[in-house]
Amino acid sequence: MDINDREFAPIEEFRSELTAYCYRMLGSIFEADDAVQDTLLRAWQSWDKFRQESSRRHWMYRIATNVCLDRLRTAKRRALSMNLSEPASLIVEPSDTLPHSAWIWPAPDIFSANPAEWVVQKNTIRLAFIAILQTLPPRQRAVFIMRDVFSWSAQEIGDAMGMTATAVNSALQRARAIMHRTNLQSDTLRDTDSTIDSELLDRYVEAFEKYDIEALLALFHEKASLSMPPFAMWVRERDNLASFYEATRSHCFGSKLLPIKVSGQSPAYAQYFPAGAEGDLKPWGIHVLEIQGGKIAHIHTFIDSALYSRFGLPSHLKK
């Protein structure tokens, strides 16, 4: 049997929403992809039971939750740079890195075009929201996502997770309490502009591609910041940003930016940089911009070439 056979289409149709769920649970699109594939395989192997379920969606989420809980059992919490340390006091080209498993990574636009779902997706898939979700114990995280993101009832959540409604409500109460008292630096990025000035984005692309540091800095808030996983170092305030851009000139001068779509609808670009005098432009980092009050509050630059293929981007650009 083949999981892609037409007979098993009812399983495959859950892939997109399960990817969104697993991404919220795991904080990595790569981990989410693997978890969903494992979920679909387990459902396929239990096909006879699947056909008998009154709520196939709840059954699929039960499998996906168990897969995620298994993966999170020994995993350390993923985070954004600004939640792991204070900003750098000495601005130099970054060198110290943390493993891939330490970071929250962006996800491409993996959701349906349903307008009602899009509103939920936009507000609960932003990087800062994913960061605070990771502070919850895994089972509470699952309950919180199902209740406060998907608006499932306690009974529906219980059916999906093999819990009583009373246990669900208790877990939800604890999860909300943790989120209320957790104070992450990235929480300042949870409220961003609902509409983005296209002129601001055009100016950003032009300034970056020309590597006009003065023009770039004019687009930032005075207390703006920039991070670049997997490098642990991050910087804050315009003067430090100026020093940082000078220190990293060799990785940026002559680059090109391609606009891309990330989940949460933040403006984002894929950076390609010159790889030698005669070489093509090669992947460097995914820029995700956080815009507040018409100016840039933070830029996440995710340096991982694997993201390019996951976003469906070319492996190189011609000069």
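Author: Helix 2 and helix 5 are roughly parallel to each other, because their angle falls under 35 degrees. This is a predicted model. In it, the axes of helix 2 (residues 15-26) and helix 5 cross at roughly 30°. They come within 10 Å. The crossing of this pair is right-handed. Helix 2 brings E17, L18, Y21, C22, M25 and L26 to the contact. Helix 5 answers with R57, M60, Y61, A64, T65, C68, L69, R71 and L72. Sorted by class, the contact of helix 2 with helix 5 holds 11 nonpolar residues, one polar and three charged.

Now stay on helix 5 and turn to helix 3. Helix 3 spans residues 29-45, and helix 5 spans residues 56-72. Their axes come within 9 Å. The crossing angle is roughly 130°. That angle makes helix 3 oblique to helix 5. The handedness of this crossing is right-handed. On the helix 3 side, the contact residues are E31, D34, A35, D38, T39, L40, R42 and A43. On the helix 5 side, they are W59, M60, I63, A64, V67, C68, D70 and R71. By class, helix 3 and helix 5 meet through nine nonpolar residues, one polar and six charged.

Next comes helix 9. Helix 5 and helix 9 pack with their axes 7 Å apart. The angle between them is about 60°. Helix 5 and helix 9 are therefore oblique to each other. Their crossing is right-handed. From helix 5, the residues in contact are H58, Y61, R62 and T65. From helix 9, they are E156, D159, A160 and M161. This contact has three nonpolar, two polar and three charged residues.

Two backbone details come next. Most residues other than glycine have a negative phi, and most peptide bonds are trans. S151 is not a glycine, yet its phi is positive, about 60°. S151 sits in the loop between helix 8 (138-149) and helix 9 (154-161). The peptide bond from P229 to P230 is cis. Its omega is near 15°. P230 belongs to the loop that lies between strand 1 (220-228) and strand 2 (231-236).

The structure holds one cavity of 30 Å³ or more. The largest cavity contains about 60 Å³ of space. Its lining draws on Y23, P106, A107, I125, R126, L127, V262, S263, S266 and V288. By class, that lining has seven nonpolar residues, two polar and one charged. R126 is the charged one, since Arg counts as charged. One of the lining residues, Y23, falls within helix 2, which covers residues 15-26.

How values were computed
Residues numbered from 1 in each chain as written. Predicted model: local features only at pLDDT ≥ 70, side-chain atom pairs only at ≥ 80, totals over all residues. Heavy atoms only, no water. Axes fitted to C-alpha atoms, helices over the stretch in contact; angles between N-to-C directions. Helix = DSSP H or I, 4+ residues; strand = E, 2+ residues; numbered from the N terminus. Parallel < 35°, antiparallel > 145°, perpendicular 65-115°, else oblique. Left-handed = near helix turned anticlockwise from the far one by under 90°. Contact = heavy atoms within 4.5 Å. 1 Å grid on protein atoms, 1.4 Å probe; cavity = no way out; pocket = protein on both sides within 12 Å on 5 of 7 lines; lining within 4 Å. Points joined across faces, edges and corners; volume = space filled by probe spheres on them.
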